[in-house]
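The stops below go from one selection to the next.

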Amino acid sequence: MIKNGNHTTEDERDGAGCSKSAGSECSSEKRKRFIRVWCDGCYDMVHYGHSNQLRQAKAMGDCLIVGVHTDAEISKHKGPPVFTQEERYKMVRAIKWVDDIVEGAPYVTTLETLDKYNCDFCVHGDDITLTVDGKDTYEEVKQADRYRECKRTQGVSTTDLVGRMLLMTKAHHSNLDNPDYREHADNFGKGPKGNSPWTGVSQFLQTSQKIIQFASGKEPQPGDTIIYVAGAFDLFHIGHVDFLEMVYKRAERPYVIVGLHFDQQVNRYKGKNYPIMNIHERTLSVLACRYVSEVVIGAPYTVDKDLLDHFKEPKKRGIFWTIDSGNNLTTDDIVQRIIENRLHYEVRNQKKEAKEMAVIEAMRRREQAQQSQCPDRSSH
């Protein structure tokens, strides 16, 4: 079982407003004032890589503001997103490290945007984001030294997940070395002139440290209402968020435990190549949700008396609830969205790859030019 945390309380902040759950000591600068951090992006098909970026960003300050682009902006620069802007807004709001979001944030991050929302600096991963004409979207804030970088999460990308859906194999349940999978995945991460270090597929590197970073270790307190739910929670999406939010609202002081079924168990009742995400990936996705207090890895399919006793539930029975989240979106629906637009996503990814490769080539030429201009010290 993995204990999780929801919202940072006043007791968990020091006198300077620093969050103690960030996992590091506050710097002397941070103790002097309240630091507001800005992140922005498409956040389409949100996965734990997005969540990990926001976790790292939140650890750099006290308050995290996240700007989410509109469908129109994304379509202009990258191509139509899988999820609508309203779905994406709600997904980002559900990530526990996010304090507030800005709907319809501009695709290019400017000093004007940072100043408008009183943010000290913005944070992005160590990849590159380009406009439709190939310009770095963070160029202005980088030049003004109001840009910070966090480490990109290895082993997960939207490209990878789309590849799994289209290939319809089970290789990702255990390993990603299957040659058919690798070939298909490479098609999604390859451009006409080679591979970009930013767009591509890498093997999932699951570590216990990553899970610890996502979890907070909070125990249920006296007076908390313990609520248990279980399922696959595959491709953690807005339908899951709506359901967990409804569960969370069932009690004044909820402690929500989510049981996750093992891959083989999910495959038995879902069939095909489900789950799209393996058990470790699904664990991180669920842990990032602000409505979840604890995750049980490998939960039993059937809820029996022993399981309820293990969670110290009341001895009374008749405590099963059926909750209507008001959202009928399923993992199958998401897969269908991808399959119906498979050619479009392949083309979109190839265009993105080509732009990235052009930037890499320009950087290489600039570096060579600078080296050729430097005098040869050995001749003096």
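Select strand S2 (residues 36-41) and strand S5 (residues 121-125): in this predicted model, the two run parallel and are joined by 2 bridges. Show the side chains of Trp38 and Cys122, since these are the next pair to look at. Trp38 stands opposite Cys122, which belongs to S5.

Now widen the selection to the whole sheet. The sheet is open and has 5 strands, paired in parallel in the order S4-S3-S2-S5-S6. Strand S4 (100-103) and S6 form the edges, each pairing on one side only. On average, neighbouring strands are turned by 30 degrees against each other, with direction ignored.

Helix H2 (residues 48-58) lies across S2, strand S3 (63-68), S5 and S6, and runs at about 140 degrees to S3. Helix H4 (residues 85-93) also packs on the sheet, where it touches S3 and S4. The direction of H4 makes about 165 degrees with that of S4.

Is H10 enclosed or open to the outside? Of its 11 residues, 9 are buried, so H10 is largely enclosed by the rest of the structure. Among the buried residues are Ile238, Gly239, His240 and Val241, and Leu244, Val247 and Tyr248 are also buried. To see what covers the buried residues of H10, display H4, S9, strand S10 (254-260) and helix H14 (331-340), which are included in the cover.

Hide everything but H4 and H10. Two packed helices are described by the angle between their axes and the distance between the axes. The axes of H4 and H10 come within 10 Å and cross at roughly 50 degrees. This angle makes H4 oblique to H10, and the crossing is left-handed.

Show side chains at this contact. From H4, the residues are Glu87, Lys90 and Met91; they meet Ile238, Val241, Asp242 and Glu245 of H10. By class, the contact residues comprise 3 nonpolar, no polar and 4 charged.

Centre on Lys90, in helix H4. How exposed is Lys90? Its relative accessibility is 33%, so Lys90 counts as partly exposed. Leaving out residues up to four places away in sequence, Lys90 touches Ile238, Asp242 and Glu245. Draw a C-alpha to C-alpha distance from Lys90 to Asp242: the two are 8.9 Å apart in space and 152 residues apart in sequence.

The last stops concern the backbone in loops. Most residues other than glycine have a negative phi, and most peptide bonds are trans.

Leu235 has a positive phi of about 50 degrees, although it is not a glycine. With 6% relative accessibility, Leu235 counts as buried.

Then select Asp145, in the loop between helix H6 (139-143) and strand S6 (147-150). Asp145 also has a positive phi, near 60 degrees, and is not a glycine. At 57% relative accessibility, Asp145 counts as exposed.

Finish at Pro275, in the loop between helix H11 (263-270) and helix H12 (279-287). What is the form of the peptide bond from Tyr274 to Pro275? That bond is cis, with omega near 0 degrees.

Methods. Residues numbered from 1 in each chain as written. Predicted model: local features only at pLDDT ≥ 70, side-chain atom pairs only at ≥ 80, totals over all residues. Heavy atoms only, no water. Helix = DSSP H or I, 4+ residues; strand = E, 2+ residues; numbered from the N terminus. Buried < 20%, exposed > 50% of the residue type's maximum accessible area, 1.4 Å probe, protein only. Pairing = 2+ DSSP bridges. Axes fitted to C-alpha atoms, helices over the stretch in contact; angles between N-to-C directions. Contact = heavy atoms within 4.5 Å. Parallel < 35°, antiparallel > 145°, perpendicular 65-115°, else oblique. Left-handed = near helix turned anticlockwise from the far one by under 90°. Nonpolar A, V, L, I, M, F, W, Y, C, P; charged D, E, K, R; others polar.
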